[in-house]
Amino acid sequence: MKTVFEKSVPGRTGCLPRRPVETADRMLPEALLRPEAPGLPELSELDVVRHFTELSGRNFGVDSNFYPLGSCTMKYNPKFTEEVAAMAGFAGLHPILAQLEGTREWVQGSLKVMHETEALLCEITGMSAYTLHPMAGAHGELTGALLIAAYHKKQGNKKTKVICPDSAHGTNPASAALAGYKVVNVESKDGVISPEALAEVLDDEVAALMMTCPNTLGLFEPHLEEIVKLLREKDALLYYDGANLNAILGKLRVGDVGFDVVHLNLHKTFGTPHGGGGPGSGPVGVSERLVDLLPISRVVKEDDGYHLRYDYPDSIGYIAPLYGNFGVVLKAYAYMLRLGREGLERVSEYAVLNANYLRKRLEGVLEIPFDRICMHEFVASAASQAKNGVHALDIAKALLDKGHHAPTVYFPLIVKECIMVEPTETESMETLDAFADDLIEILTRAESDPDSVTAAPVLLPVERLDETKAARGMVLTEDLAGKA
Amino acid sequence: MPYIPHTTDQVRRMLDVVGVDSMEALFENIPASMRPKSFDLPEGLSEDAVLNKLSAIADMNETGKASFLGAGFYDHFQPRAVRALVSRSEFYTAYTPYQAEASQGTLQAIFEFQTAICRLFEMDCANASAYDGGTAIFEACMMAIRKTKRSKIIIDEALSPIYRRMLDTMTSSLDIEAVIVPHANGTSDKAALAAAIDKDTAAVVVQNPNFFGVVEDFSDLAAVARENKALTIMSVYPVLASVLKTPGSMGADIVVGEGQSLGLPLSFGGPYLGLMTCTKALVRQLPGRIAGRTEDKQGRTGYVLTLQAREQHIRRAKATSNICSNQALCALMAHVQMCMLGPVGLRRQAVLSMELARYAQARLTAVHGVEMLNDAPYGNEFAITLPLPADKVVAALAQQGVAAGFPLGRYYKGLENALLVATTDKNTAEQIDRLAAGLKEAL
């Protein structure tokens, strides 16, 4: 398909704003101006509409396809929340109005949404306070790591290391490193953190353990209480990666069991669409002893309404220009109001039911390394298929031809030929059965006609793409084409 | 049960397949001692009830007022077709394009977005976006530190103070020396910036137009940086980039910006869009997602996420950045906006915004006691000085339904009487007249 630049016709115009009276060179010295207009596409409105409509047809999305991408929680995104975010009262609001005397009164609705969202997240996770500022999960991790550093600094502790299990999301070690920490690995035993292995790497220099529970194998960490105790003895903090919160709503509150810092991925658990890579939102919750360190500003409710406050001398400062991805927070707030207590608890129950059902249906056709009750996702391995030349990636691509988005493959790194499946609660039994049937058909074909699997996909706009050529050629814009 | 399709009969059959007798049995791994101490949330509401409640909350906000607030965030005209296209659920309900063949729509859109932003800034390479303009500056500084293996960053005080504060926090645990070069009455002190660059300098960070709205040419500064093997990082306002001398032609190595003004709603602070571009020599230091062009087995053109060996999921603690997601849907929105307006429309938007600023300047400085902070060239935003503290004047004008601007004393000591006034193509002459009349009354 041609790019929008290839479709451009010099002289054609789309939707123009009204014509100014002046020209730029009558307002600024010529030396400060660019001589030529930027080479943007010149198209009619219909050209643009057709182009992007055609592009959209070359995409899988939850509305069109089952999307069992492990660790990503691709559940259905309710439509009404889009209407909320587009309401003029929310979408049109300049953020700085909240910071000025006299105009602060104009933003009371948005401040109320933020204040109440924080209260809901506190109750859901058992934390003392939240900041909504982090703009994505990994940004929440960095914020959490900075909070951990600020806590130890305030205590006068000399701490240089953060422990990340080998099953951790890659962002965990990257975020800890960005906050200046040395990252220490702890190996999983039988898919979980063993207190013995942890004790071996745990010393006085450890600032925190970053943990996901249930972990990235979909398993609940059975030694959690002991792990908390071990860390407390070293005055190390416990960080909770909330990527898998969808599994434990109403079943476990991480604040109750001793976590000090938590980030949530609102776009996952609270069903706000991820837009092909973002925006997300990664609020961070803290236990009582870290509250004063939270980023500024913070929303407080006083007799005369909601205020932003900045006077927290121990605060780590600004981690966002304003108040985070408010539009995403708003959708998550609407989602929480819609579901309520029972609805949220049901989310986890049905997410876990669906994962276990699918796990059972695939038992016997794929190797399931940890074949026990899982949480909202589980890990399978295509190691035995790989011996015959059909790899996890081939199975993933073959699923695309069946109209299903592929599960996550090759993560976590600790399972060979890993296939990580997360169906989420919004998928029906019929969809799960269709997926299982299609996967079984692919695996059968992997025995009888492996070439047909390794050739997949063949029914999509393009067949398998050459990633090596992309990395070597580095054609990253239209203008670098042919120059590489 | 909202959004859960299971019938009672299906639940029983599924539990049978799993081999447990109740839903609760699925959670037996969580010991009783660890169960929630409370889960005291409100009852769920119907869709209508939630919409009514939120509509009432939205009404607590006042959005119909005349506003001259900018300070880095600008409300420009957006053709309605932009929202219609971005609202196609094949775009907005997709995830990060990990399976390229099933994500060609997103990937080609990112590739085109990268091209459009590079052409706007006259730079070689762009990523698929960062969270916002401030994060982009932080990531740019980290790129410079890695590339030069030096740790000093020279920062213009006329760089947005909001972003300078973000930078402070995000580098607080790292071994980085930040040198702030004071502004000269709202202009960038280019001589002092150049003088501050030395053999330990990784980068010099400037903004165009700067926080006071002043338009500068940083070519000479970039040349001094280059002589000292330091990099030039420039933060720019993308709408005005369509008319101003480009950062690429000034010799900048890394150019970033807040992309919100490219048709994204103000939305009370987010989601916004961090633009990040660099020269080809720096591309392996560029963080985040990057789309690249390639071919399939039949030689058909296609797109993939590329250069992933820099990224956290492969490099973990050694990655160029911890950034995982980007602002893909916001980038799509900016890209569609640029396509819809084209080069002519984008420049009209910029020039119209500047023209209204000049009208505002004439009306406001006609008020007794109001003067320009300086006589430097400016874009669509300018600073005036008042005989009273600017925050008092803003509060008084708010009573008349006008958001007069940004009081500079909020971030700059000594400028308590200075007010930053911004206009965009959405402002009208009538609004500016009301601002001038209100100001006259308030003083």
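## Ground rules

The model is predicted, so local features need pLDDT of at least 70 and side-chain atom pairs count only at pLDDT 80 or more, while totals for chains, interfaces and linings use all residues. Residues are numbered from 1 along each chain as its sequence is written, chains are lettered from A and ligands numbered from 1 in the order in which they are written, and side-chain values use heavy atoms, with hydrogens and water left out.

## Chain B overall

Chain B has 15 helices and 15 strands. Both kinds of element are DSSP runs, numbered from the N terminus: helices are H or I with at least four residues, strands are E with at least two. Along the principal axes, the C-alpha atoms of chain B fill a box of roughly 80 × 55 × 50 Å.

Chain B has 443 residues, and 66% of them count as buried. Buried means under 20% relative accessible area, exposed means over 50%, and partly exposed lies in between (1.4 Å probe, protein chains only). Take the contacts in chain B with a separation of 6 or more: residues 24 or more positions apart account for 72% of them. Contact means heavy atoms within 4.5 Å.

## Domains from the record

UniProt lists "domain: Glycine cleavage system P-protein N-terminal" (unreviewed entry) at residues 3-436 of chain B. That span is 37% helix and 15% strand, and its end C-alpha atoms are 53 Å apart. For chain A, UniProt gives that domain name, also from an unreviewed entry, to residues 105-295. Residues 105-295 of chain A are 35% helix and 19% strand, with end C-alpha atoms 23 Å apart.

UniProt also places "domain: Glycine dehydrogenase C-terminal" (unreviewed entry) at residues 348-445 of chain A. Here the chain is 47% helix and 10% strand, and the end C-alpha atoms are 34 Å apart. UniProt positions follow the numbering used here, feature names are shortened, and annotations may be inferred rather than shown by experiment.

Helix α10 (residues 326-362) of chain A packs with helix α1 (residues 8-18) of chain B at an angle of about 50 degrees, with axes 9 Å apart. That makes α10(A) oblique to α1(B). Angles under 35 degrees count as roughly parallel, over 145 as roughly antiparallel, 65 to 115 as roughly perpendicular and the rest as oblique. Axes are lines fitted to C-alpha atoms, for helices over the stretch in contact; angles run from 0 to 180 degrees between N-to-C directions.

The contact residues of α10(A) include A:Y350, A:L353 and A:R359, and those of α1(B) include B:V11, B:M14 and B:L15. By class, the contact has eight nonpolar, two polar and two charged residues. Ala, Val, Leu, Ile, Met, Phe, Trp, Tyr, Cys and Pro count as nonpolar, Asp, Glu, Lys and Arg as charged, and the others, Gly among them, as polar.

## A helix pair within chain B

Helix α6 (residues 133-148) and helix α7 (residues 161-170) of chain B pack at about 50 degrees, with axes 9 Å apart. These two helices are therefore oblique to each other. Among the residues that meet are B:G133, B:I137 and B:F138 in α6(B) and B:Y163 and B:M166 in α7(B). The contact of α6(B) with α7(B) has seven nonpolar, three polar and no charged residues.

## Residue A:V201

A:V201 sits in helix α7 (residues 195-201) of chain A. A:V201 is partly exposed, with a relative accessible area of 23%. Leaving aside neighbours within four places in sequence, A:V201 is in contact with A:I163, A:V184, A:N185, A:V186 and A:V206. A:V201 and A:L69 are 132 residues apart in sequence and 32 Å apart in space, C-alpha to C-alpha.
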